Amino acid sequence: MATGRTHRPATRSRGIPEATVARLPLYLRALTALSERSVPTVSSEELAAAAGVNSAKLRKDFSYLGSYGTRGVGYDVEYLVYQISRELGLTQDWPVVIVGIGNLGAALANYGGFASRGFRVAALIDADPAMAGKPVAGIPVQHTDDLEQIIEDNGVSIGVIATPAGAAQQVCDRLVAAGVTSILNFAPTVLAVPDGVDVRKVDLSIELQILAFHEQRKAGEEATPNGAGPVAATRKESTDQGPDGDVPAVMPA
């Protein structure tokens with residue numbers, strides 16, 4: 001669910017594939033849980049199961065980091081936590097601004113996981129004048145008129161967009177122009193960004209639609225255990241087919 005290009009070339013220059021980078025947070029979450037339980041070492045099989053990947057893929061991913069573990073012992077949990085945190089840039093403080101303080105933006109502002117993972121919510125920004133000065137999660141909301149100054153004053157390079165779809169691109173353009181080079185987009189729209197800007201898109205409605213597709217498929221399989229009958233008939237009668245010609249397309253939000 002990502003578009004755009006990275007502004008941190010060091011990782012890519014070391015040859016770490018994007019797919020591996022995407023799995024590093026999963027490993028870190030599993031390792032952090034082990035660390036909190038004072039588990040000193042973990043095997044590749046145990047860690048892979050906790051992260052939801054296969055052990056061969058995990059060992060390959062860790063080889064890009066230069067970690068190979070010790071035969072018969074496994075991986076040192078604390079060292080891996082540090083190593084992955086450093087690779088992800090989490091050993092430093094990252095100031096973040098959230099733009100759009102509606103229900104979703106307010107929920108994000110109140111999320112305690114940011115601070116524990118190296119992200120500090122530096123400012124909350126909203127276009128509604130009535131919101132200006134109101135505290136959310138202990139932080140006073142500021143007006144979008146001051147967006148550029150807020151970015152400069154706080155040295156922000158990561159922005160979170162939680163606005164309605166119609167306002168998202170304009171907010172994105174202003175963030176980028178002010179120096180933001182990474183954006184987490186919760187607005188239900190695709191953002192256009194220049195080279196050198198990373199965008200990660202989180203669309204809850206699309207994820208729910210994908211789950212609905214699988215629920216519908218499971219219900220069909222339960223109704224026709226032999227793979228014939230109503231499901232087959234539905235496929236033949238459907239005129240709204242996907243690109244493969246046999247499965248109805250999942251419509252976008």
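Reply: What follows goes through aromatic rings, a few helices and some strands in this predicted model.

Me: How many aromatic pairs are there in the whole structure?

Reply: A search of the whole structure finds three. One of them is Tyr-27 with Phe-62, an edge-to-face pair with 5.0 Å centre to centre and 75° between the planes.

Me: Where do Tyr-27 and Phe-62 sit in the chain?

Reply: Tyr-27 is in helix H2 (residues 18-36) and Phe-62 is in helix H4 (residues 55-65). They are 35 residues apart, and the pair links distant parts of the chain.

Me: Buried or exposed, those two?

Reply: Tyr-27 is buried, and Phe-62 is buried as well.

Me: What about Phe-62 and Tyr-75?

Reply: They form an edge-to-face aromatic pair too, at 5.1 Å centre to centre with 85° between the planes. Phe-62 belongs to H4 and Tyr-75 to strand E3 (residues 75-76), so this pair ties together parts that are 13 residues apart in sequence. Tyr-75 is buried, like Phe-62.

Me: And which residues do the ring pairs link into a cluster?

Reply: Tyr-27, Phe-62 and Tyr-75.

Me: Staying with H4, which of its residues are buried?

Reply: Ser-55, Leu-58, Asp-61, Phe-62 and Leu-65. They lie on the same side of H4, because the arc they cover around the axis is only 120°.

Me: What do the buried residues of H4 pack against?

Reply: Their packing partners are H2, H3, E3 and helix H5 (77-87).

Me: What happens at the start of H4, and what follows H4?

Reply: At the start, a side-chain oxygen of Asn-54 comes to within 3.2 Å of the backbone nitrogen of Ala-56. After H4 comes Gly-66, which has a positive phi, near 85°.

Me: New topic: Ser-44. Where is Ser-44 found, and is it buried or exposed?

Reply: Ser-44 is in helix H3 (residues 44-51). Its relative accessibility is 8%, and buried means under 20%, so Ser-44 counts as buried.

Me: What is Ser-44 in contact with?

Reply: If neighbours within four places in sequence are left aside, Ser-44 is in contact with Ser-55, Leu-58, Arg-59 and Tyr-75. With Arg-59 there is a polar contact of 2.9 Å between the side chains.

Me: On to the strands. How is E5 placed, enclosed or exposed?

Reply: Strand E5 (residues 119-126) is largely enclosed by the rest of the structure, because six of its eight residues are buried.

Me: Which way do E4 and E5 run, and how many bridges join them?

Reply: Strand E4 (residues 94-99) and E5 run parallel, joined by six bridges. Pro-95 stands opposite Arg-120 in E5.

Me: What about E5 and E7?

Reply: E5 pairs with strand E7 (residues 139-143) in the parallel sense, over three bridges. Asp-126 has His-143 in E7 as its bridge partner.

Me: Last one, helix H8. Which residues are buried there?

Reply: In H8 (residues 147-154), the buried residues are Leu-147, Ile-150 and Ile-151. They cover an arc of only 100° around the axis, so they are on the same side of H8. These buried residues pack against E4, E5, E7 and helix H9 (165-177).

Me: What does the face turned away from the buried side carry?

Reply: That face of H8 carries the exposed residues Glu-152 and Asp-153. Just after H8, Gly-155 has a positive phi of about 60°.

Notes: Residues numbered from 1 in each chain as written. Predicted model: local features only at pLDDT ≥ 70, side-chain atom pairs only at ≥ 80, totals over all residues. Heavy atoms only, no water. Phe/Tyr/Trp six-rings, centres within 6.5 Å; stacked < 30°, edge-to-face > 60°. Helix = DSSP H or I, 4+ residues; strand = E, 2+ residues; numbered from the N terminus. Buried < 20%, exposed > 50% of the residue type's maximum accessible area, 1.4 Å probe, protein only. Polar contact = N/O pair within 3.5 Å; in protein donor to acceptor, adjacent residues only side chain to side chain. Contact = heavy atoms within 4.5 Å. Arc of directions from axis to C-beta. Pairing = 2+ DSSP bridges.
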